[in-house]
Amino acid sequence: MSGGTQGGPEDAPAPGAEHAAEQAYSDFRKNLSYGDYLRLDDLRAAHQPITDAHDEHLFIAIHHVSEVWLDLIVRELLAAMALLERGITDAPLKMLTRVVRAQEQLTNAWEVLKTMTPADYLQFRHAFGQASGFQSQSYRMVEFLLGNRNPTMLRPHAHRPDLHGPLVEALHGPSVYDLALRLLSERGFAIPDEVLQRDRTQKPELNEAVLQAWLEVYRNTEAYWDLYALAEKLVDVEDNFRRWRFNHLTTVSRTIGMKRGSGGTSGVGYLRSALDHVLFPELWEVRTRL
Ligand code: HEM
Ligand SMILES: N[C@@H](CC(=O)c1ccccc1NC=O)C(=O)O
């Protein structure tokens, strides 16, 4: 029996909904309430449009929601990687599934943002100056942890050691894919030293020996079930990453056309070139070779 002196849900027979509400706790002068726990005052304080444009509220809300999902993805990736580093594969699969679901939420956000027309956007675009998603530290963390690395991307964060530090660490540490390859090696697959010791600040390139190892895993799924499940989960992550990028590109095209980006890049041209990037090259090539 729980509920203490104020009584709990089990104390009385189930009342109708109208009476049930009257039994709800109502004195939060000393107890932590919903809003206190979630720091909703702080959350709302972060919503600060700088123009009177109606759609700026939508723009800010979508970015805030996206940043929250990105932070969750970073946390899950780091936790999954810490376990993979110890040779554990089952719990990381669950964490990577959560990453995949969070990516779906990120991608769905475009549906809401697309209700903003180009004219609506131009009412406030001038106000934020050089600010751009290009400077999103959490997005860059996700890219670095997944292995898409480019030291140039550190530059916008040079003035903020608290944001720069974790990025530098991620840039030099193993990616989730490096850890998967290390696992392959520990299970006896011939992964060359040049792969295991590769310059991690750069993107990985397709390696024939790695491809042969994955081929063996995909041909003998029963013998290597956990490695196979891990590989397919990574493909899910990359698949969803591509969907987010593609929807971003389409949203940008329909909103600003071929205008330059506020962050200083060519805009659509820059984003289109990112679509060609492959995170886990052997996991795609294995389909062709099977
Ligand atoms: C009307 C909506 C949007 C427009 C017009 C837009 C436009 C752009 C453009 C032009 C770039 C290229 C960099 C530059 O600014 O020069 C960019 C990059 C980026 N944007 Fe957006 N964006 C929009 C919404 C969003 C949203 C909702 C997010 C969610 C977080 C986002 C995240 C990013 C990220 C992470 C990058 C860097 C991509 C990379 O370096 O590969 N953007 N955006
Ligand atoms: N790069 C966008 C601006 C932009 O999208 C943006 C601006 C401020 C805060 C977040 C943004 N989102 C993503 O790039 C543009 O060129 O219009």
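A crossing is left-handed if the near helix is turned anticlockwise from the far one by less than a right angle, and right-handed if clockwise. The crossing of α5 and α12 is left-handed by this rule. The model is predicted, so local features need pLDDT of at least 70 and side-chain atom pairs count only at pLDDT 80 or more, while totals for chains, interfaces and linings use all residues. Residues are numbered from 1 along each chain as its sequence is written, and chains are lettered from A and ligands numbered from 1 in the order in which they are written.

**Overall fold**

- The protein chain has 14 helices and zero strands; helices (H or I, at least four residues) and strands (E, at least two) are DSSP runs, numbered from the N terminus.
- The C-alpha atoms of the protein chain fill a box of roughly 65 × 55 × 35 Å along the principal axes.
- Of the 290 residues of the protein chain, 21% count as buried. A residue is buried if 20 or more other C-beta atoms lie within 10 Å of its own, exposed if 12 or fewer, and partly exposed in between, with C-beta atoms placed from the backbone.
- Residues 24 or more positions apart account for 68% of the contacts in the protein chain with a separation of 6 or more. Two residues are in contact if their C-beta atoms, placed from the backbone, lie within 7 Å.

- Helix α4 (residues 55-85) and helix α5 (residues 90-113) pack at about 165°, and their axes are 9 Å apart. That angle makes α4 roughly antiparallel to α5.
- Axes are lines fitted to C-alpha atoms, for helices over the stretch in contact, and angles run from 0 to 180 degrees between N-to-C directions. Angles under 35 degrees count as roughly parallel, over 145 as roughly antiparallel, 65 to 115 as roughly perpendicular and the rest as oblique.
- α4 passes α5 in a left-handed crossing, and the residues of this contact divide into 21 nonpolar, two polar and two charged. Ala, Val, Leu, Ile, Met, Phe, Trp, Tyr, Cys and Pro count as nonpolar, Asp, Glu, Lys and Arg as charged, and the others, Gly among them, as polar.
- The angle between α4 and α9 is about 20°, with the axes 10 Å apart, which makes α4 roughly parallel to α9.
- The crossing of α4 and α9 is also left-handed. In this contact Leu 77, Ala 80, Met 81, Leu 84 and Glu 85 of α4 meet Val 176, Leu 179, Ala 180 and Leu 183 of α9, giving eight nonpolar, no polar and one charged residues.

**Helix packing: α5 with α12**

- The axes of α5 and α12 come within 9 Å and cross at roughly 15°. That makes α5 roughly parallel to α12.
- Residues making the contact include Leu 93, Leu 96, Val 100, Thr 107 and Trp 110 of α5 and Ala 229, Leu 230, Val 237, Phe 241 and Trp 244 of α12. By class, the contact of α5 with α12 has twelve nonpolar, six polar and six charged residues.
- Thr 107, placed in α5, counts as partly exposed because it has 19 C-beta neighbours inside 10 Å.
- Leaving aside neighbours within four places in sequence, Thr 107 is in contact with Asn 240, Arg 243, Trp 244 and Asn 247.
- Trp 225 lies in α12 and is exposed, with 12 other C-beta atoms within 10 Å.

**Helix α7**

- Eight of the ten residues of α7 (residues 137-146) are buried, and these pack against α4, α8 (161-172), α9 (176-186) and α12.
- Among the buried residues of α7 are Gln 137, Arg 140 and Glu 143.
- Gly 147 follows α7 and has a positive phi, near 105°.

**Ligand surroundings**

- Ligand 1 is surrounded by 24 residues, and the closest are Ser 132, Gly 133, Gly 261, Gly 263 and Thr 265. A residue is near a molecule or strand if its C-beta atom, placed from the backbone, lies within 6 Å of it.
- α4, α12 (225-256) and α13 (268-274) each supply at least two residues of the shell around ligand 1, and α12 gives the most, with five.
- The shell around ligand 1 divides into ten nonpolar, 14 polar and no charged residues.
- Around ligand 2 are His 63, Arg 125, Phe 128, Ala 131, Ser 132, Gly 133, Ile 256, Gly 261, Ser 262 and Gly 263; by class they are three nonpolar, six polar and one charged.
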